[in-house]
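Student: I have a model open and want to learn how to read it. Can we go through the surface, the helices and the charged pairs?

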Amino acid sequence: MMSAMRKEPLAIEELIAKKKELEEAETKPKFLTRAEREALALKKREEQVAKQREAQKVLLEKRKAFIQDAKRAEKERDREREKERKDREREKDMDRERGRRSRSHDREGRRSRSRERRSRSRERRSRSRERRSRSRERRSRSREKRQEMEKSDYNGETKDERETDKDLEKLNEAIRQRYLGGQREKRKRGRRLHERKFIFDWDAGEDTSSDYNKLYQNGM
């Protein structure tokens, strides 16, 4: 029974014949009914609409991706601009702080120089007062000494001492001249007038002008 149910394989001739029939059926014009043509057109239209929708979907996705990229780029530019603005603000703050410190330093320097000038001025005034004080003290001592000398001269004591000093100086001078010799006086050297003196005396007989000048002959 099993052997009876087993199908026998098709022969090669049968396969070739079936293939030829299919090819002929495909090449033969097939006449469709109106319903079949409408169904085929509707199917074709649906395929076109599906393709258009797919293309629109792809285009929409690309547009969304482009918009998202543009938004991300805009956000990135906004962050960069915000960062630059903060950097500029920070630089301005630093410049203001440096300017404030510089002005404070300048004010402190001017105050320090002003204090130094006032200190030097006080020192000069103090030295000037000290000089004036010393000058007054010297004048006072000189005045006191002069008054004491005047009192001493009035009493006759200092005058005698001066005369004694003069006598001692004269005695010392006499001793120096006695043992050391006095200072020699320089002799004044007289001018020799007879040196290089031209003598104008001459004898009239020595005159030879009359030998060649007639004027002198007539005068003679």
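Student: What does the accessible surface of the protein chain come to?

Tutor: Accessible areas come from the Shrake-Rupley method with a 1.4 Å probe, and for residues only the protein chains shown count as cover. Here the accessible surface is about 23300 Å². Carbon and sulfur atoms hold 50% of that. Remember that this is a predicted model: local features need pLDDT of at least 70, side-chain atom pairs count only at pLDDT 80 or more, and totals for chains, interfaces and linings use all residues. Residues are numbered from 1 along each chain as its sequence is written, and side-chain values use heavy atoms, with hydrogens and water left out.

Student: What share of the residues counts as buried?

Tutor: Buried means under 20% relative accessible area, exposed over 50%, and partly exposed in between (1.4 Å probe, protein chains only). Of the 220 residues in this chain, 2% are buried.

Student: How many helices and strands does the protein chain have?

Tutor: Both are DSSP runs, numbered from the N terminus: helices are H or I with at least four residues, strands are E with at least two. This chain has five helices and zero strands. From the N terminus, the order reads α-α-α-α-α.

Student: Which residues make the nonpolar surface patch?

Tutor: Patches are made of residues with over 30% relative accessible area and no salt bridge; like charges are joined within 9 Å, nonpolar side chains (Val, Leu, Ile, Met, Phe, Trp, Tyr) within 5 Å. In this model, Leu168, Leu171 and Ile175 make a patch of about 270 Å². Ile175 sits in helix α4, residues 157-179. Its relative accessibility is 42%, so Ile175 counts as partly exposed.

Student: How many salt bridges does a search of the whole structure find?

Tutor: A salt bridge is a side-chain nitrogen of Lys or Arg within 4 Å of a carboxyl oxygen of Asp or Glu. The search finds 16. Take Glu76 and Arg79: their closest N and O atoms are 2.3 Å apart. Both lie in helix α3 (residues 34-155), three residues apart, about one turn of the helix. Glu76 is partly exposed at 36%, and Arg79 is partly exposed at 48%.

Student: Why are Arg100 and Glu97 separated by about one helical turn?

Tutor: Because they are three residues apart in helix α3. Arg100 has a relative accessible area of 43%; Glu97 has 28% relative accessibility.

Student: Which residues are linked in a network of salt bridges?

Tutor: Glu74, Arg77, Asp78 and Arg81 are linked this way.
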